[in-house]
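The entries below record what I found.

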Amino acid sequence: PADMRLARALIISLLWPGPLSAAEQLLWAPDGEYPGYPPSEQHLDPWHVTVNAGAMHDSNLFRLPAGDTTVGRHATTVYNYGLGGDADLHVGRQDVLFNARADEYRFRRFDFLNYLGYNAGLDWKWKLGQLWDGDLAYGHRRFLTSFATLHQPLKDLIDEDHARAGASQALPYDLRLTGAVEGYRYQHSAPQRQVLDYRALSGIVWLQYVSPEANAVGLKAESTQFRFPNKAVVQSRLFDNRYRVDQLSGTFDWQPGGASRLQGRVGYSRLRNHEISQRDF
């Protein structure tokens with residue numbers, strides 16, 4: 001009968017791995033997801049906003065030795081609440097990543113430590129033609145110095161700036177050449193710690209062989225100059241703590257399969273101080 005032939009045809013079409021199954025299309029649910037499957041990329045929201053609140057009790061906030069009574073009781077509760085957001089925008093072949101966050105911290109005792117911490121960053125991952133790609137990024141954040149470093153009831157806020165510009169070019173014979181410039185700036189709010197303020201500027205050149213399986217070996221050269229705008233006083237003398245670090249390394253990046261990935265480098269690093277040669281290594 002015609003009905004039986006139609007039923008057999010439908011069963012065969014479902015079981016046979018032929019053109020019908022290859023051309024199968026999923027109809028997504030209105031909310032952008034279908035149970036058991038990942039969300040469709042066309043429905044992913046590039047913007048995300050988060051709100052948080054929390055509390056933490058610390059029995060030894062300043063990390064002082066047992067029995068130290070310099071500031072009386074060391075225990076306190078810290079409350080925080082914050083708002084943040086990030087975005088991943090695609091414009092043609094260009095990706096623009098943005099993030100920003102602000103958190104208010106309140107100390108139940110030691111309220112002189114109350115502060116607003118924040119960070120924000122913008123990263124443009126660019127592509128030009130088939131041979132060039134790179135990134136251009138800038139970020140800033142403000143945070144409280146860890147008391148594991150201070151060991152005293154001192155409010156020291158650090159402002160950190162980071163900027164980077166890099167470019168890579170695909171070369172013949174599966175070679176890839178990368179060059180980048182990176183800069184950092186750290187500033188302390190506490191006057192007695194401003195001697196630690198510094199600026200760092202790095203230059204990087206990296207030549208790699210990248211196999212068709214995306215495994216890579218390379219040679220990387222990097223030089224970083226550290227400068228301290230506020231000179232240190234040592235035995236009644238002003239010293240310039242400026243120093244330079246040079247590195248030459250062999251690198252590897254191996255993906256044996258699945259989710260496994262191994263990365264590493266072996267090389268030589270040399271530090272040279274501007275004035276105090278005893279610190280060289």
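My entries follow, beginning with the basis of the values.

**Basis.** I worked on a predicted model, in which local features need pLDDT of at least 70 and side-chain atom pairs count only at pLDDT 80 or more, while totals for chains, interfaces and linings use all residues. Residues are numbered from 1 along each chain as its sequence is written, and side-chain values use heavy atoms, with hydrogens and water left out.

I looked up the largest pocket and noted a volume of about 280 Å³. A pocket here is an open set of points on a 1 Å grid over the protein atoms alone, where a 1.4 Å probe fits, with protein on both sides within 12 Å along at least five of seven lines; lining residues have an atom within 4 Å of a point. The volume is the space filled by probe spheres set on the points, which are joined across faces, edges and corners.

I recorded 14 lining residues, with Met56, Leu61, Phe107, Leu144 and Phe147 nearest the centre of the pocket. Strand 1 (47-58), strand 2 (76-91), strand 3 (94-107) and helix 3 (147-150) each give at least two residues to this lining. Helices (H or I, at least four residues) and strands (E, at least two) are DSSP runs numbered from the N terminus. By class, the lining has nine nonpolar, three polar and two charged residues. Ala, Val, Leu, Ile, Met, Phe, Trp, Tyr, Cys and Pro count as nonpolar, Asp, Glu, Lys and Arg as charged, and the others, Gly among them, as polar.

**Surface patch.** I found a nonpolar patch of about 490 Å² made by Tyr209, Val217, Phe252, Trp254 and Leu262. Patch residues have over 30% relative accessible area and no salt bridge, and nonpolar side chains (Val, Leu, Ile, Met, Phe, Trp, Tyr) are joined within 5 Å. Areas come from the Shrake-Rupley method with a 1.4 Å probe, and for residues only the protein chains shown count as cover.

Val217 belongs to strand 9 (residues 216-227). Val217 counts as partly exposed because its relative accessibility is 47%; buried means under 20%, exposed over 50%, and partly exposed in between (1.4 Å probe, protein chains only). Ala216, also in strand 9, counts as buried at 9%. The C-alpha atoms of Ala216 and Asp174 are separated by 9.7 Å, although the two are 42 residues apart along the chain.

**Salt bridges.** I noted 15 salt bridges in the structure, each a side-chain nitrogen of Lys or Arg within 4 Å of a carboxyl oxygen of Asp or Glu.

- Arg141 and Glu160 pair at 3.2 Å, N to O. Arg141 lies in strand 5 (residues 132-144) and Glu160 in strand 6 (residues 157-171), so the bridge ties together parts 19 residues apart in sequence. Arg141 is partly exposed at 35%, whereas Glu160 is buried at 11%.
- Asp156 and Arg193 have their closest N and O atoms 2.8 Å apart. Asp156 is in the loop between helix 3 and strand 6, and Arg193 is in the loop between strand 7 (175-188) and strand 8 (198-210), 37 residues apart. Asp156 is buried at 0%, and Arg193 is buried at 15%.
- Asp161 and Arg185 meet at 3.1 Å, N to O. Asp161 lies in strand 6 and Arg185 in strand 7, so the pair ties together parts 24 residues apart in sequence. Asp161 is buried at 9%, and Arg185 is partly exposed at 34%.

Key
Patches are made of residues with over 30% relative accessible area and no salt bridge: like charges are joined within 9 Å, nonpolar side chains (Val, Leu, Ile, Met, Phe, Trp, Tyr) within 5 Å.
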